[in-house]
Every structure is written in C-alpha cells, then in structure tokens.
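Here's a quick briefing on a few local features of one protein model. Have the viewer open while you read.

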Amino acid sequence: MTCAVRGSGGGWWCAGVRWPGEVPELGWSRGGRRRASVLAYGAGLGFRAVGERHCVGARGNVCPLGAVVPGRSTGGRCAECARLDRAHSVAADTMADDPRTYRVYLAWFGPGLVKVGITGEERGAARLREQGAVAFSWLGRGPLMAARRTEEVLRAALGVPDRIPYARKRVERGHLPGTDERAAEVAELYARAAALEGRGWPESLERLPLEVVDQVGIFGLGRAPEAEAESGPVPLPVSAPVRAVRELVDGGVVAGRLVAAAGPDLHLAVTGGGVVVLDTRLITGWDLAAESGSDVRVPLIDIGGGGVQGGLF
C-alpha cells in the first residue's frame with residue numbers, strides 16, 4: 001500500500017478508512033476529487049507524516065482558514081468546520097422532513113457493550129462496519145423521526161448508551177467470546193426490544209425479524225492471514241493488540257503489515273511480533289510520504305491501561 005504525498009505538487013490527503021462493502025478502503029481527497037485504495041489483509045502499509053496537520057474541512061469543502069489542528073484530534077477539524085459538519089448530520093435532528101427510509105439497529109461490540117442507533121437504509125450495513133460493530137441485528141425500518149423516536153425509547157428501556165468510546169471497543173476486541181455467545185446476547189436484547197412493540201414503539205416503524213450478522217470474519221479478527229514470500233505463503237503473527245498510536249508527529253513513521261481492521265482502526269503487525277492499532281481518524285489532514293518495512297516511530301498508548309509510551313516501539 002503506497003501513501004501518496006500531498007504538498008506543493010498537489011498530491012492527495014488521506015480521508016481515513018471507509019467500508020462501502022465488506023472490504024475496507026482508504027479514502028483520498030484532493031480538492032473536490034475523491035478516490036479510494038482497497039486494503040488487503042497481509043499486505044504492507046506504511047507512511048511518514050510531514051509538516052503540520054491541517055483541518056480537513058466540512059461536507060466536502062476545504063477549510064477556508066487552512067487551520068492547523070492538534071495531532072490527537074480524531075475529528076481532524078477546526079472548531080468552525082466541526083460545527084458546520086455537525087449541523088448537517090442526521091444526529092443533529094435538523095432534517096425532520098428527510099423523505100428517505102431509515103433503519104434502527106442493535107450493535108454489539110463486546111460482552112455488555114451494546115448500543116442502539118439509526119442509519120439510512122440505502123447505506124446497508126456500512127454504518128455498522130464504520131463503528132466496528134462485531135455483531136448486529138436490524139430492529140426496524142421507517143421514516144426518520146419514527147426511527148429516531150424508537151432509538152430513544154429503546155435506549156431508555158434497554159439501558160444502553162447512545163455512544164461507546166472507541167477506546168472501550170479496542171479493549172473488548174482483544175478478548176471476544178465465541179460466535180454463539182455473541183449471537184445469544186444480541187438475540188436476548190432483540191427480544192427485549194421487540195417486547196416494547198405497542199408500548200412506545202411508533203406504529204410507523206416496521207419491526208424487522210431477528211437476523212444476527214457477525215462481522216469478525218469481515219474485520220479479520222481472530223484469524224491468521226498470510227503474506228506472500230518467495231518460499232510461499234507465510235503466516236502472520238496474530239495477537240490481541242496492546243498498544244495504539246496516540247498521535248502523529250512531524251517525521252513520525254507508522255509501517256507494518258495489515259492483519260485486521262474494524263471501524264476506523266487498522267491492526268498492524270510490526271517488528272518484534274506485536275500488533276499496534278492505528279486509528280485512521282488521526283491521519284486525516286496530514287501530508288503523508290510512503291514508507292516501507294516494519295517500524296513505528298510515533299507516541300503510543302497502552303490499550304486499556306492508559307499508560308503513555310515513548311516514541312519508539
């Protein structure tokens with residue numbers, strides 16, 4: 001995987017991981033143009049950050065200020081562009097007359113780690129993959145405001161949050177229970193949600209049957225991908241990641257072999273046999289130069305423990 005350089009030559013900026021289907025892609029932008037690079041488990045991926053990180057703009061528009069943003073920001077936007085982006089999102093509840101059909105879903109990220117949300121029906125399961133949902137089931141479909149109302153009712157009745165931090169998801173992703181256990185927890189919560197039909201569940205929202213979709217295979221979790229070598233396929237190391245990139249810095253390098261991906265996270269096997277998680281929301285707005293090999297020279301943080309490590313791993 002080659003990371004293109006952005007700079008005086010008019011190169012491309014990375015827009016992070018996208019999930020238009022069951023294979024992850026890295027999105028790229030240059031002005032109003034867009035393109036994508038398909039990612040493959042077992043392939044090498046590496047880059048070096050150059051200069052400063054700049055705001056990625058809002059709703060496809062370039063930031064008018066060309067503002068510099070902090071390296072640890074997962075939004076990658078200045079305050080004004082972040083406000084504009086939020087104002088036009090479904091979550092802002094400013095699109096009550098939206099004629100599209102929406103779906104309500106139940107997303108499972110780990111034992112006891114569940115949320116209810118909504119997404120446009122035309123997007124399919126893309127939103128679930130973007131969030132890194134390990135398993136999910138659809139709950140219902142209907143107009144936006146009915147879907148929103150159902151979402152609120154189910155959150156209160158099931159006692160689930162509206163947001164789950166990615167840090168929590170990463171911790172749980174390292175020790176997932178088996179497929180049957182995952183499916184059983186989703187089915188139990190679905191049954192509790194279905195029992196609310198007629199008691200706060202809007203009549204305009206059609207309930208959908210239980211169908212647990214498990215995405216462990218799509219994400220590449222828990223299996224050993226293979227890399228090609230002159231002698232034939234070589235198994236790659238697969239272990240629960242214990243470190244994650246905290247931020248990029250000028251001259252910082254992240255390079256390894258892709259072994260898994262979930263939501264915006266890429267799991268990279270690096271020198272020494274460890275696996276480091278890169279949240280690709282941290283690389284938006286940076287000039288990136290291609291790097292090969294297996295090396296990480298940026299600040300890292302322990303997953304779950306919160307301990308910050310030095311710039312070398």
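Predicted model: local features only at pLDDT ≥ 70, side-chain atom pairs only at ≥ 80, totals over all residues.

Residues are numbered from 1 along each chain as its sequence is written, and side-chain values use heavy atoms, with hydrogens and water left out.

**The sheet**

- Three strands make an open sheet in the order β1-β2-β3, paired antiparallel; strands here are DSSP runs (E, at least two residues), numbered from the N terminus, and two of them pair if DSSP finds at least two bridges between them.
- β1 (13-18) and β3 (33-38) are the edge strands, each pairing on one side only.
- On average, neighbouring strands of this sheet are turned by 25° against each other, direction ignored.
- β1 pairs with β2 (residues 25-30) over five bridges, and β2 pairs with β3 over six bridges.
- Tryptophan 28 in β2 has cysteine 14 opposite it, and tryptophan 28 also stands opposite arginine 35 in β3.
- The hairpin of β2 and β3 has two residues between the strands, and glycine 31 in the turn has a positive phi of about 65°.

**The helix pair**

- The axes of α3 (residues 144-158) and α5 (residues 179-194) come within 10 Å and cross at roughly 115°; axes are lines fitted to C-alpha atoms over the stretch in contact, with angles from 0 to 180 degrees between N-to-C directions, and helices are DSSP runs (H or I, at least four residues).
- The crossing of α3 and α5 is right-handed, meaning the near helix is turned clockwise from the far one by less than a right angle.
- Leu154, Ala157 and Leu158 in α3 meet Leu189, Arg192 and Ala193 in α5, where contact means heavy atoms within 4.5 Å.
- Those contact residues divide into five nonpolar, no polar and one charged (Ala, Val, Leu, Ile, Met, Phe, Trp, Tyr, Cys and Pro count as nonpolar, Asp, Glu, Lys and Arg as charged, the others, Gly among them, as polar).

**The second largest pocket**

- This pocket holds about 330 Å³ of space, a volume being the space filled by probe spheres set on the grid points, which are joined across faces, edges and corners.
- A pocket is an open set of points on a 1 Å grid over the protein atoms alone, where a 1.4 Å probe fits, with protein on both sides within 12 Å along at least five of seven lines; lining residues have an atom within 4 Å of a point.
- Its lining has 20 residues, with Ala167, Arg170, Ala244, Val245 and Ile301 nearest the centre.
- α4 gives the largest share of the lining, five residues.
- By class, the lining has nine nonpolar, four polar and seven charged residues.
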